[in-house]
Amino acid sequence: MSEQAPGVFWGQDPLISGWLRDPRFRKRAVNMSDLFWLADAQMARLKPFFPKPHGKPRIDDRRVLSGIIFISRNGLRWRDAPSECGPHKTLYNRWKR
């Protein structure tokens, strides 16, 4: 069991609460330059593996695939995906297939 001062709870610990208030650890907005985007040559090589569209128009495959790679590289949850990559549910469903 960890040693803490009497009457000090986890949320009141000055070390932890200071860490939580540190702006470096807060969720920040994602800049477009921070995102990973596949190049045209990479997309051309992957194009034959995408399914043909049937009825409902698909969300841009480049956005979705780039979002999946961004999520896996950064170890994020699907819900933490930047909105520029498309809906998180779409990212997960395409990854699952």
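Colleague: Which residues is Val64 in contact with, leaving aside its neighbours within four places in sequence?

Modeller: Val64 is in contact with Ile59, Cys85, Thr90, Leu91 and Arg94, once neighbours within four places in sequence are left aside. Contact here means that heavy atoms lie within 4.5 Å. A word on the ground rules: this is a predicted model, where local features need pLDDT of at least 70, side-chain atom pairs count only at pLDDT 80 or more, and totals for chains, interfaces and linings use all residues. Residues are numbered from 1 along each chain as its sequence is written, and side-chain values use heavy atoms, with hydrogens and water left out.

Colleague: Thanks! What makes up the largest nonpolar core?

Modeller: Six residues do: Val64, Ile68, Ile71, Ala81, Cys85 and Leu91. They are called a nonpolar core because the term covers buried Ala, Val, Leu, Ile, Met, Phe, Trp, Tyr and Cys residues joined through side-chain atoms within 4.5 Å. Helix α3 supplies the largest share of this core, three residues. There is also a second, separate core of five residues, including Leu35, Phe36, Leu38 and Phe70.

Colleague: Why is Asp61 called buried?

Modeller: Buried means under 20% relative accessible area, exposed means over 50%, and partly exposed is in between (1.4 Å probe, protein chains only). Asp61 has a relative accessible area of 15%, so it counts as buried.

Colleague: And what makes its link to the side chain of Arg58 a polar contact?

Modeller: A polar contact is a pair of N or O atoms within 3.5 Å; within protein, one must be able to donate a hydrogen and the other to accept it, and residues adjacent in sequence count only if both atoms are side-chain atoms. The side chains of Asp61 and Arg58 come to 2.8 Å, so the pair meets that cut-off. The side chain of Asp61 makes another polar contact with the side chain of Arg94, at 2.9 Å.

Colleague: How many helices does the chain have?

Modeller: Four, with zero strands. Helices (H or I, at least four residues) and strands (E, at least two) are DSSP runs, numbered from the N terminus. Met43 is found in α2, residues 40–46, while Asp61 belongs to α3, residues 61–74.
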